[in-house]
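This report walks through the side-chain links of one protein chain. Please look over the sequence and the model before reading on.

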Amino acid sequence: MNQRASLFAFVLCACGAAFAQGAPDAALKDHIVDLEKQSWVAWKAHDAEFFSGFLSDDHVEVGPRGVLGKADIVAGVGSPACKVESYAVDRFTLTRVSEETALLTYRAEQKTMCGTYAVPSPAWASSLYVKRGGRWMNVLYQQTPAAS
């Protein structure tokens, strides 16, 4: 009986520890999703200032035009080159890579024109965040067109 009680106590502690770890990850997911949604609002509004603070200095974006850095993205967002008519983002999944790194994946739909080029939609997005100086910053973003 004593062995059963010890096993029960161990299982109870392990479950409690797992539950306690899930709560911070849920709060982190909410925070990262909120940041990502803010970036979509800023993208539609041509808010380059938001992206200046949102993106890390070593940010990389992989897309149809190749690999771009922070300066390219900030300049592109601030220009009238692209017009976002509408967008929707959902199906968010957060993968905790380490204490300081988290990967957000989700589905995005948008009606966006960059010159005469229609941005492919829907797409699956991956957005990598790193915590630096107490802030979560975006270091990598990539979209892959979704299969029909």
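## Aromatic pairs

Two rings of Phe, Tyr or Trp count as a pair if their centres lie within 6.5 Å. The model is predicted. Phe50, Phe51, Phe54 and Tyr129 form one aromatic cluster under that cut-off. In total, the structure holds six aromatic pairs.

One of the pairs is Phe92 with Tyr106. Their ring centres are 5.0 Å apart and their planes meet at 35°. Planes under 30 degrees apart would count as stacked, and over 60 as edge-to-face. The pair is therefore tilted. Phe92 sits in strand S3 (residues 82-98) and Tyr106 in strand S4 (residues 101-114). The two are 14 residues apart, and the pair links distant parts of the chain.

## The disulfide

The structure holds one disulfide. Cys82 is joined to Cys114, with an S to S distance of 1.9 Å. The angle about the S-S bond is 110°, and the link is right-handed.

Cys82 has 11% relative accessibility and counts as buried. Cys114 has 23% and counts as partly exposed.

## Salt bridges

How many salt bridges does the whole structure contain? The search finds six. Asp25 pairs with Arg96, and their closest N and O atoms are 2.7 Å apart. Asp25 is in helix H1 (residues 2-45), while Arg96 is in strand S3. That bridge links parts of the chain that are 71 residues apart. Asp25 is partly exposed, at 31% relative accessibility. Arg96 is partly exposed as well, at 28%.

Glu85 and Lys111 meet in another salt bridge, at 3.5 Å from N to O. Glu85 lies in strand S3 and Lys111 in strand S4, so this bridge ties together parts that are 26 residues apart in sequence. Glu85 is partly exposed, with 47% relative accessibility. Glu109 forms a salt bridge with Arg107, the closest N and O atoms being 2.5 Å apart. Glu109 is partly exposed at 38%, whereas Arg107 is buried at 15%. Shared partners also join Asp25, Arg96 and Glu99 into one salt-bridge network.

## The buried face of helix H3

Which residues of helix H3 (residues 70-78) are buried? They are Lys70, Ile73, Val74 and Val77. Seen down the helix axis, these residues fall within an arc of 95°, so they line one face of H3. An α-helix has 3.6 residues a turn, so residues three or four places apart point the same way.

## His46 and its surroundings

His46 is in the loop between H1 and helix H2 (48-54). It is partly exposed, with 30% relative accessibility. Beyond its neighbours within four places in sequence, His46 is in contact with Val77, Gly78, Ser79, Pro80 and Cys82. Val77 is also among the buried residues of helix H3. Cys82 is one end of the disulfide.

A polar atom of the His46 side chain lies 3.3 Å from the backbone oxygen of Cys82. His46 and Lys83 are 37 residues apart in sequence, yet their C-alpha atoms are 8.7 Å apart in space.

## Asn138 in strand S7

Asn138 is in strand S7 (residues 135-145). It counts as buried, at 1% relative accessibility. What does the side chain of Asn138 make a polar contact with? The partner is the side chain of His59, at 3.1 Å. The Asn138 side chain also reaches the backbone nitrogen of Leu140, at 3.4 Å.

Leaving aside neighbours within four places in sequence, Asn138 is in contact with Glu36, Phe54, Leu55, Ser56, His59, Ser127, Leu128 and Tyr129. Phe54 and Tyr129 are both members of the aromatic cluster.

Conventions:
Residues numbered from 1 in each chain as written. Predicted model: local features only at pLDDT ≥ 70, side-chain atom pairs only at ≥ 80, totals over all residues. Heavy atoms only, no water. Helix = DSSP H or I, 4+ residues; strand = E, 2+ residues; numbered from the N terminus. Salt bridge = Lys/Arg side-chain N within 4 Å of Asp/Glu carboxyl O. Buried < 20%, exposed > 50% of the residue type's maximum accessible area, 1.4 Å probe, protein only. Disulfide = S-S within 2.5 Å. Arc of directions from axis to C-beta. Polar contact = N/O pair within 3.5 Å; in protein donor to acceptor, adjacent residues only side chain to side chain. Contact = heavy atoms within 4.5 Å.
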